Amino acid sequence: MDKVKQTRLCKIGILLFYWLLSLLLTYAYFKHHCIFDGEDFQFHFARLYELIQTKIGAFPIISTLTFGQTGNQVQVFYPNQLLYPLAMIIKVTHRPILMICLYLLLIDFLTFISCHWAAAKIGKSPLFCLTFAIIYTSSFYHLVNMYMRFDLGEMWAAVFLPLTLVGFYLVIHQHGGRLMLFVGLIGLLFSHLLTLALVGGILFIWFVVYIGLNTDRYKIIKHLLQVGIAVLGCGSIFLLPFAAHYLIVPTGLQATQIAPLYLKTTIWTKQWWALTHNVIFAEHGNYTAGILIIVLLIMTTLGFCYFHQKVTFNNWIILLGSWLALMLTTNLFPWKWFSGTFVNIIQFPFRFNTFVTLGVAWCVAELLTMIKWRNVRIWSFLLVGSMSLILAVNAIHQFVAAAPRGNHPLSTQTYSSYIDNHSANDYFPKQASSDIGELPWRPAYINGRKVFLNCDPMNNGVTYHISTNKKHNRFDLPFLCYSQHYHVTNWGRPIAYQFSHRGTFAIKTKTKNNLIHIQYCPTLIDRFSWVLSAIAFSGLSLIILWNKYYR
């Protein structure tokens with residue numbers, strides 16, 4: 001067998017292996033043919049459901065079918081570009097549960113592939129690539145996001161995180177990497193902004209330190225600017241509407257309705273049992289990197305000390321960064337100093353578990369390659385890989401066994417009636433902070449009297465039918481007001497509206513019987529930002545093809 005054919009068969013074998021591992025990590029979804037109701041499931045399912053129920057081509061700017069029919073603009077402020085394909089497939093197949101299961105399978109498969117590609121790109125051995133991919137993708141925190149939280153944003157971010165960091169390494173060391181860095185950054189932009197912000201901070205510190213020690217800094221800056229321009233251009237479909245809407249919200253935008261004093265850190269006294277028993281659920285949420293990752297971190301530290309002559313400076317930095325990230329998930333770091341700030345609101349601490357996992361997976365793979373004897377390396381890989389997968393399956397099994405007692409899974413039978421209009425209303429005007437928890441129940445104020453209204457939702461708009469005994473009326477409707485880009489009518493005639501003390505629509509009418517319709521009017525940026533992205537993607541594709549085949 002010639003070498004080219006052997007290499008091709010080896011690649012196919014690795015892909016098949018990763019596909020089987022992805023099936024292993026998502027088997028519970030396929031076995032039970034349902035989606036478990038994780039902490040963030042209602043939020044992400046509401047985003048998806050809004051897209052599914054909207055006509056193709058008429059993408060929603062405001063949510064009128066979900067999030068309590070309050071007109072929430074979460075579709076603008078939380079990236080949903082990676083949800084569009086899933087929504088389209090569900091529209092065509094009418095098999096929502098199966099398609100969501102396959103979607104999760106695809107995320108896991110791509111996570112394996114991105115780890116392998118990133119490691120192979122800098123010349124790592126197949127053993128290194130396999131070790132890195134298996135530990136990272138089957139890690140405890142990844143399963144927390146997939147099962148306990150069902151956080152689609154962070155699951156997708158896990159796919160692009162290795163590409164971003166390795167791509168940046170290649171660029172600043174002048175070994176290519178611009179395409180990989182672009183894929184990583186655009187993927188983070190379209191999946192999870194908080195992870196992008198954290199990675200951005202890490203890359204900035206890395207850049208400042210490295211650029212001060214490097215004499216060829218202008219070429220590095222040039223390549224980074226090229227990647228940055230490409231990301232901004234291709235990301236216009238999300239960035240332009242986000243910026244335009246963010247700047248015009250009266251009183252400013254509030255990211256979440258989580259109490260600012262509520263901070264999720266790893267409290268060992270409360271989570272020690274969950275940690276030692278390898279369960280991804282606990283009374284207060286088991287937000288840790290998992291027992292295996294912590295044990296491997298300790299063992300890798302000892303191993304690096306033993307093989308200190310073989311350990312590079314970069315690997316020492318990665319190991320130190322893993323310890324630092326682990327500390328940042330706990331109260332060892334003085335998070336109380338940030339009480340009441342945006343750091344509490346966006347829940348920084350437990351997000352660092354991703355970086356702990358990534359760093360440990362990389363360092364373990366490095367440690368195995370330092371072992372002199374080939375047989376010992378192979379058996380060590382089999383032991384670590386098997387332990388990671390066994391603990392992953394065990395954690396999934398325990399979660400599924402406990403789920404019926406506290407969760408209400410989404411299934412084919414419950415799909416049509418499952419949507420919960422009371423899911424968290426994130427990204428709302430700050431003026432609505434004190435009332436946002438009640439708005440999904442649609443409380444309105446009619447001439448100062450509190451009543452609960454029903455509405456008729458439609459794409460980017462709602463209609464309220466209100467009858468009173470007075471000719472002159474003052475209404476405060478339970479519909480969030482983000483800007484002046486709305487058209488309000490009463491029986492088809494335009495009427496004025498104001499921004500109320502609840503961050504909603506305040507309206508005055510002169511009729512006893514009222515049919516009030518609130519319609520959001522998409523701006524030029526809302527309608528055509530995708531064109532800039534399409535042009536940027538097309539231009540970038542032509543440049544890549546030109547450099548590959550004609551340069």
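These notes go from the whole protein to its parts.

**Ground rules.** I am working from a predicted model, in which local features need pLDDT of at least 70, side-chain atom pairs count only at pLDDT 80 or more, and totals for chains, interfaces and linings use all residues. Residues are numbered from 1 along each chain as its sequence is written, and side-chain values use heavy atoms, with hydrogens and water left out.

**Whole protein.** I found 19 helices and 14 strands. These are DSSP runs numbered from the N terminus: helices are H or I with at least four residues, strands E with at least two. The C-alpha trace spans about 90 × 60 × 50 Å along its principal axes. For 551 residues a compact globule would have a value near 24 Å, and the protein's 26 Å agrees. Buried residues make up 53% of the 551. Buried means under 20% relative accessible area, with a 1.4 Å probe and protein chains only.

Lining residues have an atom within 4 Å of a point. A volume is the space filled by probe spheres set on the points, which are joined across faces, edges and corners. The largest pocket holds about 1400 Å³. Of its 36 lining residues, Leu165, Ile202, Trp206, Ile317 and Ile318 are the closest to the centre. Helices α8 (152–172), α10 (193–213), α15 (313–328) and α17 (353–370) each supply at least two lining residues. Which helix gives the most? I found α15, with eleven residues. By class, the lining has 26 nonpolar, eight polar and two charged residues. Here Ala, Val, Leu, Ile, Met, Phe, Trp, Tyr, Cys and Pro count as nonpolar, Asp, Glu, Lys and Arg as charged, and the others, Gly among them, as polar.

Is α7 (residues 140–148) enclosed or open? Nine of its nine residues are buried, so α7 is largely enclosed by the rest of the structure. Just after α7, phenylalanine 150 takes a positive phi of about 50 degrees. I then counted six cavities of 30 Å³ or more. Ser138, Ser139, Phe140, Leu292 and Leu391 are the closest to its centre, among 13 lining residues. That lining has eight nonpolar, five polar and no charged residues. The second largest cavity has about 80 Å³. Its lining includes Tyr141, His142, Asn145 and Glu154. Here α7 gives the largest share, three residues.

**The sheet.** I traced an open sheet of five strands, with antiparallel pairing, in the order β6-β5-β9-β13-β12. Each of β6 (449–452) and β12 (497–499) stands at an edge with a single partner strand, so one side of each has no neighbour in the sheet. Strands pair if DSSP finds at least two bridges between them. Two bridges join β5 (residues 443–446) to the antiparallel β9 (residues 473–480). I looked up tyrosine 445 and found aspartate 476 as its bridge partner in β9.

Note on methods
On a 1 Å grid over the protein atoms alone, a cavity is a set of points where a 1.4 Å probe fits but cannot get out, and a pocket is an open set with protein on both sides within 12 Å along at least five of seven lines; lining residues have an atom within 4 Å of a point. The radius of gyration is taken over C-alpha atoms; the globule rule is 2.2 Å times the number of residues to the power 0.38. Buried means under 20% relative accessible area, exposed over 50%, partly exposed in between (1.4 Å probe, protein chains only).
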